[in-house]
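This briefing is meant to be read beside the sequence and the coordinates. It goes from confidence to the core, then to the ligand shells and a few individual elements.

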Amino acid sequence: MSIQCSLTIAGTDPSGGAGIQADLKTFQELKSYGMSVVTSVVAQNTTGVNAVHHLPAEMIQQQLEAVSADMPIDAFKSGMIADKDMMKVIADWIPQISAPYVMDPVMVAQSGDPLIEAESRAWLREHLVPFASVITPNLPEAEDLLGQQIETTDDMKEAAEQIVTKLGAGAALVKGGHRDGEAVDYLFDGSKIHSYSAERIATNNTHGTGCTYSAAITAYLSRGIDLPRAVEKAKQFVTAAIKHSFDLGKGSGPTNHWAWKEEVKQWKK
Ligand SMILES: Nc1ncnc2c1ncn2[C@@H]1O[C@H](COP(=O)(O)OP(=O)(O)O)[C@@H](O)[C@H]1O
Ligand SMILES: Cc1ncc(COP(=O)(O)OP(=O)(O)O)c(N)n1
């Protein structure tokens, strides 16, 4: 049986809602064979981050080489990349891989805990962003990347365009999860703006939404679906995951990675 393969390069979440765990659940749901390279082991749960252990850059390089020497990679994504040494080995590895690269420029967990060293942000922006086929910042991440405030929907569209034209990403999806009102995201694909809108779901259970969304985009790209359509389908996937999220843990609960199947059943009725 032939199968497309997706790789995530990211940190861990033992509570299963974010990071590598969320990515692998998403790949599995969306029928892309899931593989992972761990960057940092994070002792976190729905309430926040207790401790972080960064793997040596050499160990990240070894994992990248092990997986790419043996397995096909039809698309890959990155999440938490905490420091410059890690970024450098990833930047050195990427040119060998001819597959779409989805970069989730993870900076801060929902709890407010930082997941990337402040001094490494400039390196990420200058050296890794240009490799991204698509980058998926939330509003604070887009503000950090561009060094400017984003308030209105026009600002969001302009930010998506500038991340492509000024920072060199292939495409940019600026997410509106952190704004009031409808949950609207804007994709600039290098030539036009696409918008993706969903009802805002009244829930606190949104731990790992960004990881899940970017993993779903990766899985769809691995299956050869074009970017605007991959984002459209991933948006449906993450919206369903939030709508049917779980009241687990004492903080912001995790999303439900199999919820899209429940939604599909509803559509058929
Ligand atoms: N309460 C919500 N209801 C519906 N969609 C949401 C909600 N919160 C976030 N989203 C959507 O989830 C996706 C992830 O966005 P966001 O929460 O901004 O990312 P991150 O987890 O990286 O901060 C986006 O499509 C966003 O519009
Ligand atoms: C290991 C790890 N990576 C990323 C995040 C942040 O995930 P995100 O999807 O942005 O979700 P929230 O921070 O909104 O929960 C993380 N917490 N851990």
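Helices, such as those named below, are DSSP runs of H or I with at least four residues, strands are runs of E with at least two, and both are numbered from the N terminus. With that numbering, Glu-151 is found in the loop between helix H5 (139-146) and helix H6 (153-165). The model is predicted, and the mean pLDDT of the protein is 96, with 99% of its residues reaching 70 or more. For the complex, the predictor gives an ipTM of 0.97 and a pTM of 0.97.

**An exposed and a buried position**

- Glu-151 counts as exposed because it has 10 C-beta neighbours inside 10 Å, where 12 or fewer is the limit for that class.
- Glu-151 and Leu-139 are separated by 12 residues in sequence and by 8.8 Å in space, taken from C-alpha to C-alpha.
- Phe-76, which lies in strand S5 (residues 75-78), counts as buried because 28 C-beta neighbours fall inside 10 Å.
- Leaving out residues up to four places away in sequence, Phe-76 touches Ser-6, Leu-7, Ile-9, Ile-97, Ala-99, Tyr-101 and Thr-218.
- Between Phe-76 and Leu-55, which are 21 residues apart in sequence, the C-alpha to C-alpha distance is 20 Å.

**The largest nonpolar core**

- The largest nonpolar core has 71 residues, of which Val-134, Ala-160, Ala-172, Ala-216 and Ile-217 touch the most other members.
- Helix H8 (residues 227-243) contributes the largest share of this core, namely 9 residues.
- Beyond its neighbours within four places in sequence, Val-134 is in contact with Val-102, Ala-169, Gly-170, Ala-171, Ala-172, Leu-173, Ile-217 and Leu-227.

**The shells around the two ligands**

- Around ligand 1 there are 19 residues, and those that come nearest are Asn-138, Gly-177, Ala-183, Ile-201 and Gly-210.
- Strand S9 (183-188), H7 and H8 each supply at least two residues of the ligand 1 shell, and H8 gives the most, with 4 residues.
- By class, the shell around ligand 1 consists of 6 nonpolar, 9 polar and 4 charged residues.
- Around ligand 2 there are 20 residues, and Gly-11, Gly-19, Gln-110, Gly-210 and Cys-211 come nearest.
- The elements that give two or more residues to the ligand 2 shell are strand S3 (40-45) and helix H7 (209-222), and the largest share, 3 residues, comes from H7.
- By class, the shell around ligand 2 holds 8 nonpolar, 11 polar and 1 charged residues.

- Helix H1 (residues 19-29) is largely enclosed by the rest of the structure, because 9 of its 11 residues are buried.
- The buried residues of H1 are Gly-19, Ile-20, Gln-21, Ala-22, Asp-23, Lys-25, Thr-26, Phe-27 and Glu-29.
- These buried residues pack against strand S1 (5-10), strand S2 (33-38), S3, S5 and H7.
- H1 is followed by Lys-31, whose phi is positive and near 60 degrees.

**The S3 and S4 hairpin**

- S3 pairs with strand S4 (residues 48-54) in the antiparallel sense, over 6 bridges.
- The two strands S3 and S4 form a hairpin with 2 residues between them, and the bridge partner of Asn-45 in S4 is Gly-48.

Conventions. Residues numbered from 1 in each chain as written. Chains lettered and ligands numbered in written order. Predicted model: local features only at pLDDT ≥ 70, side-chain atom pairs only at ≥ 80, totals over all residues. Core = buried A, V, L, I, M, F, W, Y, C linked by C-beta atoms within 7 Å. Buried ≥ 20, exposed ≤ 12 C-beta atoms within 10 Å, placed from the backbone. Contact = placed C-beta atoms within 7 Å. Near = placed C-beta within 6 Å. Nonpolar A, V, L, I, M, F, W, Y, C, P; charged D, E, K, R; others polar. pLDDT = per-residue confidence, 0-100. Pairing = 2+ DSSP bridges.
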